[in-house]
Amino acid sequence: MNPIISAPELVDELAGARPPVLLDVRWQLGGPPGRPSYEAGHIPGAVYVDLDTELAGAPGTGGRHPLPDVAEFGAVMRRAGVRADSRVVAYDGGQGWGAARAWWLLRWTGHPDVRVLDGGLAAWRGELSTGTPTPVTGDFAPEPGALPLLDADGAAALARTGLLLDARAGERYRGEVEPIDPVGGHIPGAVSAPTTENADADGRYLPPETLAARFKHLGATDAPEVGVYCGSGVSGAHEVLALELAGIRAALYAGSWSEWSSDPARPVATGPERG
């Protein structure tokens, strides 16, 4: 199944006999919160989902956005109206990171029909609503494991035996700057692959053939396994989706650099070279 949907395709599906459940996941690193933007106007019928509190656990040694408690995540999705047999479309403000996090979590917990609105709300040309919908409670019961997941040890091993992609900006990978986490640099052996290079200026994913060529150049097609990490597991989900579009299944290291760098015993590499 194509993991993205265009705005015109979404218009058609919303007018059809089986409209998808819509999740508004507007989020930006460092704020502002997404709910005020949602209340000011959202795609009609969309339910707001807060990434920091509903698509992530409490920050700590597991990172800034550790995976949420599975039971609590399931309750959030059911309140949003998600059923086991429903279509689900997630969107954000246009960057695609928040929506990709929702996509990854739902797919990881076994939902078979989840897509991201390509280009986010900025691509939507229809009316907006300020009303708060009250969807019928869904029946989705999450069962983790449908997508591959890495922990810190698994990420370290994959960097040696396969291909581990670092989805952060190149300057953070190289350790030149680190505005958020305690240490700059990257997991030894990881390859720099900024997730911003997977989309165009409007936030739309590049064509699958372009993405496939990019990841082939990075070594993904020759690697026995591919993994992705980022700062805290959010933009990394965007890269996993881009790899999916390119026909490559990849694991996500959800704790990412925020977890890795929290332990001073873990090794850190700097500079442009693959360690």
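**Burial and helix packing in a predicted model**

Student: Is Ser 261 buried or exposed?
Tutor: Ser 261 counts as buried, since its relative accessibility is 6%; buried means under 20% relative accessible area, exposed over 50%, and partly exposed in between, with a 1.4 Å probe and protein chains only. This is a predicted model, in which local features need pLDDT of at least 70 and side-chain atom pairs count only at pLDDT 80 or more, while totals for chains, interfaces and linings use all residues. Residues are numbered from 1 along each chain as its sequence is written, and side-chain values use heavy atoms, with hydrogens and water left out.

Student: Where is Ser 261 found, and what does Ser 261 touch?
Tutor: Ser 261 sits in the segment after helix H10 (256–260), where helices (H or I, at least four residues) and strands (E, at least two) are DSSP runs numbered from the N terminus. Not counting residues up to four places away in sequence, Ser 261 touches Asp 181, Pro 182 and Val 183, a contact being heavy atoms within 4.5 Å.

Student: OK, H5 then: at what angle do H5 and H9 pack?
Tutor: H5 and helix H9 (residues 235–245) pack at about 70°, their axes being 7 Å apart. Axes are lines fitted to C-alpha atoms, for helices over the stretch in contact, and angles run from 0 to 180 degrees between N-to-C directions. That makes H5 roughly perpendicular to H9, given that 65 to 115 degrees counts as roughly perpendicular, under 35 as roughly parallel, over 145 as roughly antiparallel and the rest as oblique.

Student: Which residues make the contact?
Tutor: Those of H5 are Trp 97, Ala 100, Arg 101, Trp 103 and Trp 104, and those of H9 are Ser 235, Ala 237, His 238, Val 240, Leu 241 and Glu 244. They divide into 7 nonpolar, 2 polar and 2 charged, with Ala, Val, Leu, Ile, Met, Phe, Trp, Tyr, Cys and Pro counted as nonpolar, Asp, Glu, Lys and Arg as charged, and the others, Gly among them, as polar.

Student: Where does H8 cross H9, and which residues are involved?
Tutor: The axes of helix H8 (residues 208–217) and H9 cross at roughly 110° and come within 8 Å, which makes H8 roughly perpendicular to H9. H8 contributes Pro 208, Leu 211, Arg 214 and Phe 215 to the contact, and H9 contributes Glu 239, Ala 242, Leu 243 and Leu 245. This contact has 6 nonpolar, no polar and 2 charged residues.

Student: Last one: is Glu 13 buried or exposed?
Tutor: Glu 13, in helix H1 (residues 7–14), is buried, with a relative accessible area of 17%.
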